[in-house]
Amino acid sequence: MSPAAVRLPRGDPSTNATGWVIDFGHLDEVVKELVLKPLDHRYLNDVEGLSNPTSENIVLWVWDRLAVYGWPIGVEVVRVRVSENGHSWAEKARARGAVL
């Protein structure tokens, strides 16, 4: 499962001295802490906000956690997809031009 896609704009003026917008190691840690850790070895029905853990509800749960994280300027969550298998998934994407 790839829990999130994060937009990393090229040439954004907010990049640091290395030209990075965000370190992928940091991104991994955020996803682990906000998404994977709360779900690990848990009965999903017992996770707060997931009493009905359909793929659609899991996508919204993941989105809500990642969208409010204090990302650097220029970094935003634009798509979250939860896959049930190779051909079934639920997805939430930010509409173009929308502001989170």
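**Walking through the chain**

Mentor: Let's start with His-41, which is exposed at a relative accessible area of 78%. Keep in mind that this is a predicted model.

Trainee: Okay, where is His-41 found?
Mentor: His-41 is in the loop between helix 1 (24-39) and helix 2 (55-67).

Trainee: And what about its phi?
Mentor: The phi of His-41 is positive, about 55 degrees, although the residue is not a glycine. That positive phi comes just after helix 1.

Trainee: Let me zoom out. What does the secondary structure of the chain come to?
Mentor: Two helices and three strands. Reading from the N terminus, the order is β-α-α-β-β.

Trainee: How much of the chain counts as buried?
Mentor: Of its 100 residues, 27% count as buried. The chain exposes about 6,800 Å², and carbon and sulfur atoms supply 51% of that.

Trainee: What share of the contacts comes from residues 24 or more positions apart?
Mentor: Taking contacts with a separation of 6 or more, those residues account for 52%.

Trainee: Back to helix 1. How far does it reach from end to end?
Mentor: Helix 1 has 16 residues and reaches 21 Å from first C-alpha to last, close to the 22 Å expected at 1.5 Å a residue.

Trainee: Where is the kink in helix 1 centred?
Mentor: On Lys-32, and the kink is about 45 degrees.

Trainee: Which residues are buried in helix 1?
Mentor: Those are Leu-27, Val-30, Val-31, Val-35 and Leu-39.

Trainee: On to helix 2, then. What should its 13 residues span?
Mentor: At 1.5 Å a residue they should span 18 Å, and the end C-alpha atoms are 18 Å apart, so the two values agree.

Trainee: Which residues of helix 2 are buried?
Mentor: Ser-55, Ile-58, Val-59, Trp-61, Val-62, Trp-63 and Leu-66.

Trainee: And what do those buried residues pack against?
Mentor: They pack against helix 1, strand 2 (76-83) and strand 3.

Trainee: Take Leu-66 from that list: why does it count as buried?
Mentor: Because its relative accessible area is 1%, and the cut-off for buried is under 20%. Leu-66 sits in helix 2, while Val-30 is among the buried residues of helix 1. Leu-66 and Val-30 are 36 residues apart in sequence, yet their C-alpha atoms are 8.2 Å apart in space.

Trainee: Which residues does Ser-55 touch?
Mentor: Leaving out residues up to four places away in sequence, Ser-55 touches Val-82, Glu-84 and Ala-90. With Glu-84 there's a side-chain to side-chain polar contact of 2.6 Å.

Trainee: Last topic: where is Arg-94 found?
Mentor: Arg-94 is in the segment after strand 3 (89-93).

Trainee: Buried or exposed?
Mentor: Arg-94 is buried, since its relative accessible area is 14%.

Trainee: So what does the side chain of Arg-94 make a polar contact with?
Mentor: With the side chain of Glu-76, at 3.0 Å.

Trainee: Nice, I'll go and find those pairs on screen.

Terms used: Residues are numbered from 1 along each chain as its sequence is written. This is a predicted model: local features need pLDDT of at least 70, side-chain atom pairs count only at pLDDT 80 or more; totals for chains, interfaces and linings use all residues. Side-chain values use heavy atoms; hydrogens and water are left out. Helices (H or I, at least four residues) and strands (E, at least two) are DSSP runs, numbered from the N terminus. Buried means under 20% relative accessible area, exposed over 50%, partly exposed in between (1.4 Å probe, protein chains only). Contact means heavy atoms within 4.5 Å. Accessible areas come from the Shrake-Rupley method with a 1.4 Å probe; for residues, only the protein chains shown count as cover. A polar contact is a pair of N or O atoms within 3.5 Å; within protein, one must be able to donate a hydrogen and the other to accept it, and residues adjacent in sequence count only if both atoms are side-chain atoms. The expected span of a helix is 1.5 Å times one less than its number of residues. The bend at a residue is the angle between axes fitted to the seven residues ending there and the seven starting there.
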